[in-house]
Amino acid sequence: MTSTSRPEDDHPTDPVGFESHDHASCIAAAIAEAEAHCAREGLRFTPVRRKALEILLREHRALGAYEMLDALREAGFGSQPPVAYRALEFLVGNGFAHKIERLNAFIACAHPGAHHSPAFMICRACDSVAEAQATPARGALGAAARAAGFRIERTVVEAEGLCPTCSEKAET
């Protein structure tokens, strides 16, 4: 998964999700980043966690927990919901995946290893998702928070519309 980063703040600047790219390379890079992160932090990147991340990366779309459970079961892992939920919780907690609140689903992080506040563009027709950089603390939300004496720690920005493919189909 490629992104353009500014070295001074390590924030991705390019949206990732709707365009064509070298899929094998993006999967390899994200798995390598996850392995390196876990090694640095002393975390266990168990086979089920690795497989869950591979599934999210392979699908390149948001998956619900039960879809993940089905895919893990097909890969030879457990068939109980906690198997999927624990793996997804680990991936989200360590920045390898994000939860898309509107879809109640999960997607692999498009900018692994980068410190960022993601914004998600969700296609209402096909549920594909692209990830871009958000700067809510600097915009109107940030100004309102500062005026109220509130410190933003986490935001979830989700925009719904049509992806390029579905938009083109709608116009024809």
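This is a predicted model: local features need pLDDT of at least 70, side-chain atom pairs count only at pLDDT 80 or more; totals for chains, interfaces and linings use all residues.
**Helix H4**

I began with the length of H4, residues 81–93. At 1.5 Å a residue, its 13 residues should span 18 Å, and I found the end C-alpha atoms 18 Å apart, which agrees. Next I asked which residues of H4 are buried. They are Ala84, Ala87, Leu88, Phe90 and Leu91. Looking down the axis of H4, I saw these buried residues fall within an arc of 160°, so they line one face of the helix. On the other side I noted Arg86, Glu89 and Gly93 as exposed. After H4 comes Gly95, with a positive phi near 80°.

**Aromatic pairs**

I then searched the whole structure and got 3 aromatic pairs. Tyr66 and Tyr85 have ring centres 6.4 Å apart and planes at 90°, so I logged the pair as edge-to-face. This pair links distant parts of the chain, as Tyr66 lies in helix H3 (residues 65–74) and Tyr85 in H4, 19 residues apart. Tyr66 is exposed at 51% relative accessibility, while Tyr85 is partly exposed at 41%.

Phe90 and Phe96 make a tilted pair, 6.1 Å centre to centre with 50° between the planes.

My last entry on Phe90 concerns a charge: the charged end of Arg49 sits over its ring, 3.8 Å from the centre.

Note on methods:
Residues are numbered from 1 along each chain as its sequence is written. Side-chain values use heavy atoms; hydrogens and water are left out. Helices (H or I, at least four residues) and strands (E, at least two) are DSSP runs, numbered from the N terminus. The expected span of a helix is 1.5 Å times one less than its number of residues. Buried means under 20% relative accessible area, exposed over 50%, partly exposed in between (1.4 Å probe, protein chains only). The arc is that of the directions from the helix axis to the C-beta atoms. Rings of Phe, Tyr and Trp (its six-membered ring) pair if their centres lie within 6.5 Å; planes under 30 degrees apart count as stacked, over 60 as edge-to-face and the rest as tilted. A charge sits over a ring if NZ of Lys or CZ of Arg is within 6 Å of the ring centre and within 35 degrees of the ring normal.
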